[in-house]
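Biologist: I would like a close look at a single part of this model, followed by what surrounds it, with each term given its cut-offs.

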Amino acid sequence: MSGFTGTMRLVRLALRRDRITLPAWTLGMAAFLAATTAMFEDSYTKHPELLAPDTQIVVENPGMRVLGLVTGPTVGGYTMHRDGLTLAVLAALMSVFAVVRHTRQSEELGREEMLGAGVVGRYASIGAAVIVALAANLVLAGLLGLGMIVAGQPVTGSLVAGISIALVGVAFTGVAAVTSQLASTTRGATGLAAAALGASFLLAATGNMLGTVDSAALRVTSAWPAWLSPIGWSQQMRPFADNLWWPAGLSALALGLLTSGAVLLAGRRDVGRGMWPERRGAARARPSLLSPSGLVWRLQRGALLGWAIGLVGFGLVFGALSEQIGGLEGAATEWYAAFGGDADLLGAYWASMMQVAGLAVAAYVVTLLLRLHHDEAQGTLEPVLGTAVSRLRWLSAYAVNALVGAALLVLLFAVAMVIAGGMVLGDTPSLLRDLVGAALVQLPAIAVLGAAVLALVMLLPRWSVGLSWVLVVFAIFVGPMFGPSLGLPSWLMDLSPFSHVPNAPAVSISPGPVVALVAVCAALAGVATLAMRRRDLALPA
Amino acid sequence: MVEAREDVCHDARVRAIELRDIVKTFGEVRALDGLYLTVEPGEVHGFLGPNGAGKSTAIRVLLGLLKADSGSATMLGGDPWRDAAELHRRVAYVPGDVALWPNLTGGEVIDVLGRMRGGLDEGRRAEMLDRFELDPRKKARTYSKGNRQKVALVAALSARADLYLLDEPTSGLDPLMEAEFQRAVLELKSAGATVLLSSHILAEAEALADRISIIRAGRVVQSGTLAELRHLTRTTVIADTATPATGIGEVDGVHNPQFLDGRVTFDVDSDHLDAAVRALAAFGVRSLAAHPPTLEELFLRQYGEDVTT
C-alpha cells in the first residue's frame with residue numbers, strides 16, 4: 001500500500017467539511033478587492049491628473065513603500081499597493097488554516113487515528129490538505145482577477161494580480177504542511193506558520209523600503225531582501241505594468257520543496273506527536289489567574305499582544321505619513337475632508353486614521369466576546385457555572401476585558417502615531433493631547449458593537465457568530481469610511497455606531513453623540529443580561 | 001416500589017436533593033418527563049440509567065444550568081435556578097464530558113475552579129493529585145480523556161463540599177483509578193457528605209450506593225435501597241429433586257419453571273419464596289441454590305428485557 005492511498009477520499013471529506021469556510025474566504029476577499037478597485041477607478045476617472053502625483057507620494061515615502069511594491073501610475077497598480085498586503089496575508093492565513101485543519105488539528109482531536117486505522121496511507125492527509133488548499137487558491141486567483149476585470153481593469157493585469165496573491169497562499173500551503181509536522185498542537189502549528197508569515201512580510205517590506213526609485217518617482221525596484229520572501233515574489237510579478245510570469249516559479253518551487261519536506265518528516269514521527277514536544281507548564285495557578293476576569297485575561301492575552309503589535313506598527317507608519325498629508329491635493333483631500341468633516345486636512349487625516357483603528361479594535365472586541373459563546377458551546381463554561389461564579393459575573397469578566405483591551409489598543413495606536421508624527425512635525429505634547437482624546441472617543445462606538453454581540457450571544461446563541469460578523473461588516477460599510485464613497489443615504493449611515501463618533505481632533509468633541517452611544521450600549525447590555533438570566537445553557541450534546 | 005416518597009418524609013431534616021415532577025423538554029424531546037428524585041443528607045445515591053435516559057439533564061437542572069419547564073426542585077434547601085451561585089459554594093461537580101481550557105495546565109485548572117468555588121483544601125489537593133497519579137504540569141490539550149477526567153475529579157474531591165454531584169465520573173478511568181475513586185467516595189461518605197453518583201456501571205453503584213434510583217426515558221422507575229429493590233423482585237431458584245417437581249408451576253408467585261434432567265429452575269416473587277420452598281421440599285431436594293437478583297437483572301427488567309438466567 002502506498003503512503004498516499006486514500007488521498008482523494010480525504011480530499012472529498014475535506015471539501016465537504018470546508019464547503020462554507022473556503023467559499024466564504026475566497027468570495028469575501030474578491031468582493032473586498034472588487035469594491036476597493038471600483039472606488040479608486042471611480043475617483044481617478046473623475047480626476048485622472050491626480051494618479052501620477054498620488055503614485056509619487058507613495059513612492060517617495062519609505063513608510064508607504066513598506067506596504068507594497070509600486071509598479072507605475074495605473075489604477076490597478078495603485079489598488080494592488082493599497083490592498084495587496086492585506087490580501088496576501090489573508091490568502092496565506094486561509095491556506096495555513098486549511099492545511100492545519102486537515103492535518104495537525106485532525107491528529108490533535110483524534111480524528112486522524114480513526115482514519116489511519118482505515119485504508120489510508122501515512123501521507124494521505126498531507127496530500128489531501130495540500131490539494132484542498134491549492135484548489136482554494138486556484139479559485140481565489142480566478143475570483144480576484146474577475147473582480148478587478150469587473151471593476152474595469154485590464155484583463156492581463158487583473159489575472160496576474162489575482163494569481164500573484166494566490167501564489168502567497170500556495171507558498172504558505174507548503175509552510176503549513178511543514179509546521180504541522182513540527183508542532184504537536186494546532187495552535188503551535190498555526191503560530192509557527194504565522195511567524196513565518198511575519199518574517200516574510202518584514203523581508204518584503206525591508207526590500208521595498210531599501211529599493212531604488214526611478215527618475216520620475218513612479219516605480220520602485222526592490223532590494224535583495226524582498227527576493228527571500230513569498231510576499232516579495234508575489235509583488236515581483238508587477239501586475240498592470242510588467243506582468244511577469246516567472247516569479248510564480250519561485251512559489252511553486254517552494255511548495256514542492258516544503259511539501260516534500262513535510263512528507264519526509266511525517267515518515268519519521270508517530271501519529272499524534274510532533275517533531276517538537278509540547279512544553280510543560282506551571283503546577284500551580286498564579287494569584288492573578290484566580291478570578292473570572294483574570295482567567296479571561298489569560299485566555300486572550302496572546303491575541304491581545306498580536307493586535308497590539310499590529311496597531312503600534314500601523315500607528316508608526318500612519319504617524320510618519322502626517323508630513324505628506326499637508327502636500328496632498330485634489331481627490332484625496334476631498335475624501336479626508338469628507339471623512340474628517342473639516343478643512344483642517346491634517347486634523348481630518350488623524351481623525352480618519354483614528355476611526356480606522358477604531359474599526360480594527362471593534363473587530364478585536366467582537367472576537368473576544370464571541371469566546372463567551374465558544375466557552376458555552378464547547379463545554380468549558382459548564383464547570384465554571386458549577387462553581388460559585390454567577391452568569392452575570394462571568395459575563396462581566398468578559399465585558400471588563402473587552403473594555404480594557406479596547407482602551408489599551410486605541411491608546412497604543414494613538415501613542416504610536418504621536419511618536420512618529422511628533423518626530424516629523426514637532427509639537428509632540430499638543431499632538432498627544434489631541435490624539436489621546438480622539439482615541440478615547442472611539443470607545444463608545446466600539447462598546448455599542450460589543451454590547452450588540454453580547455445580546456446576540458445571549459438571545460440567539462446558535463446564530464450569534466455569523467450574525468455578529470454580519471453586524472461588524474454592516475457597521476463598517478454603512479459607516480463613515482465607505483458610506484459617503486458609496487453614496488449611501490444618511491438614514492442608512494446613521495445605523496452604524498461609527499457614524500456618530502466625533503471627528504476628533506478635526507472638530508471638538510461634543511458630548512451629545514457620545515452620551516447617545518453610551519445609552520444605546522447600556523440598553524443592549526441590559527437586554528443581554530436579562531436574556532442571560534432566563535435561558536438554558538446551550539450545552540454541547 | 002418507593003417511587004413517591006412523600007409518605008415517608010422526615011420533616012425535621014432538610015433533604016440534600018428533592019426533585020418533584022420535573023419536566024424538561026428540548027423541542028420535541030421530553031428529556032425529563034415527570035421526574036421525582038430525593039436524596040437524604042449523608043447518603044450516597046446511585047443514579048442509574050443508560051445514555052440518553054436524562055441523568056445529565058437532571059444534574060444540570062440541579063446546578064441551575066438548565067431551567068425546568070415545570071415541577072419543583074430544591075437542593076440543600078435552596079432553589080437551584082435562583083440561588084445557583086450561592087448554593088454552589090457547598091457543591092462540587094464533575095461534568096459528564098470534561099472540557100478544559102487547552103492552554104492551561106491541569107494544576108492551574110484545579111486551582112482556578114477551586115478558587116471560584118470559594119477555596120480548596122490544600123492538603124486534599126496534594127493527596128488527590130498523588131492518589132490519582134495526575135501530572136499537574138501538563139497543558140490540558142495534551143491530556144488523554146482519562147486524564148481530563150482526573151483533573152475534574154481532583155478539582156471536585158479537593159473541595160470541602162456538602163454535596164458532590166458526580167456525572168459518570170469514572171468514564172475513561174482504568175480499573176486501578178476506578179478503585180481509587182471508590183475509596184475516595186467512601187471517605188466522603190464517612191465524613192458525612194452527600195453524593196449523587198450518576199452511572200451506567202452497576203458494579204460501581206452496587207459497591208458505593210446506599211440508595212439507588214433507576215431512570216428511564218426521563219422518569220425514575222424505581223427507587224430504594226438495594227435490599228428494598230431486591231425484595232420487590234424475584235429470586236431465582238435452582239434445585240435437583242428426587243422426583244420431577246412437576247407441580248411447582250402451580251404455586252402462587254412462581255414463574256418460568258424449566259425442567260432438565262431432574263433439575264428445576266424457576267423465578268419466584270420474594271413474597272412467595274417461603275411457600276415455594278415448602279412445595280419444593282415435597283419432591284425431595286438433593287441440592288438447592290437460590291440467588292437474589294443482581295442489580296444487572298433489576299436494571300434489565302426495568303428496560304423490559306428477558307431476564308431468566
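In what order do the strands of the open sheet of four strands in chain B lie, and which kind of pairing does the sheet have?

Modeller: This is a predicted model, in which local features need pLDDT of at least 70, side-chain atom pairs count only at pLDDT 80 or more, and totals for chains, interfaces and linings use all residues. Residues are numbered from 1 along each chain as its sequence is written, while chains are lettered from A and ligands numbered from 1 in the order in which they are written.

The order of the four strands in chain B is β11-β12-β10-β13, and the pairing is antiparallel; helices (H or I, at least four residues) and strands (E, at least two) are DSSP runs numbered from the N terminus, and two strands pair if DSSP finds at least two bridges between them. At the edges lie β11 (254-260) and β13 (285-291) of chain B, each of which pairs on one side only. Direction ignored, neighbouring strands of this sheet are turned by 15 degrees against each other on average. Strand β10 (residues 234-241) of chain B runs antiparallel to β13(B) and is joined to β13(B) by six bridges, and within that pairing B:V237 has B:A290 of β13(B) as its bridge partner. Helix α9 (residues 273-281) of chain B packs on this sheet, touching β10, β11, β12 (263-269) and β13 of chain B, and its direction makes about 5 degrees with that of β10(B). Here contact needs C-beta atoms, placed from the backbone, within 7 Å, and axes are lines fitted to C-alpha atoms (for helices over the stretch in contact), with angles from 0 to 180 degrees between N-to-C directions.

Chain B also holds an open sheet of six strands in the order β5-β6-β7-β3-β8-β9, and there the pairing is mixed. Its edge strands are β5 (91-94) and β9 (219-225) of chain B, each pairing on one side only, and its neighbouring strands are turned by 15 degrees against each other on average, direction ignored. β5(B) and strand β6 (residues 163-167) of chain B run parallel and are joined by four bridges, with B:L166 in β6(B) as the bridge partner of B:V94.

Turning to chain A, helix α18 (residues 391-425) has 35 residues and reaches 50 Å from its first C-alpha to its last, close to the 51 Å expected at 1.5 Å a residue, where the expected span is 1.5 Å times one less than the number of residues. A:G426 follows α18(A) and has a positive phi, near 80 degrees. α18(A) packs against helix α20 (residues 443-459) of chain A at an angle of about 150 degrees, with the axes 11 Å apart. This angle makes α18(A) roughly antiparallel to α20(A), given that angles under 35 degrees count as roughly parallel, over 145 as roughly antiparallel, 65 to 115 as roughly perpendicular and the rest as oblique. Among the residues that meet are A:L395 and A:V410 in α18(A) and A:L443 and A:G450 in α20(A). By class, the contact of α18(A) with α20(A) has 10 nonpolar, one polar and no charged residues; Ala, Val, Leu, Ile, Met, Phe, Trp, Tyr, Cys and Pro count as nonpolar, Asp, Glu, Lys and Arg as charged, and the others, Gly among them, as polar.

α20(A) also packs with helix α23 (residues 511-534) of chain A, the axes coming within 8 Å and crossing at roughly 15 degrees, and α20(A) and α23(A) are therefore roughly parallel to each other. The contact includes A:P444 and A:L459 of α20(A) and A:V514 and A:M532 of α23(A), and its residues divide into 21 nonpolar, no polar and no charged.

Elsewhere in chain A, helix α5 (residues 75-102) and helix α9 (residues 155-182) pack at an angle of about 30 degrees, with their axes 8 Å apart, and α5(A) and α9(A) are therefore roughly parallel to each other. The residues of their contact divide into 16 nonpolar, seven polar and no charged.

Conventions
Two residues are in contact if their C-beta atoms, placed from the backbone, lie within 7 Å.
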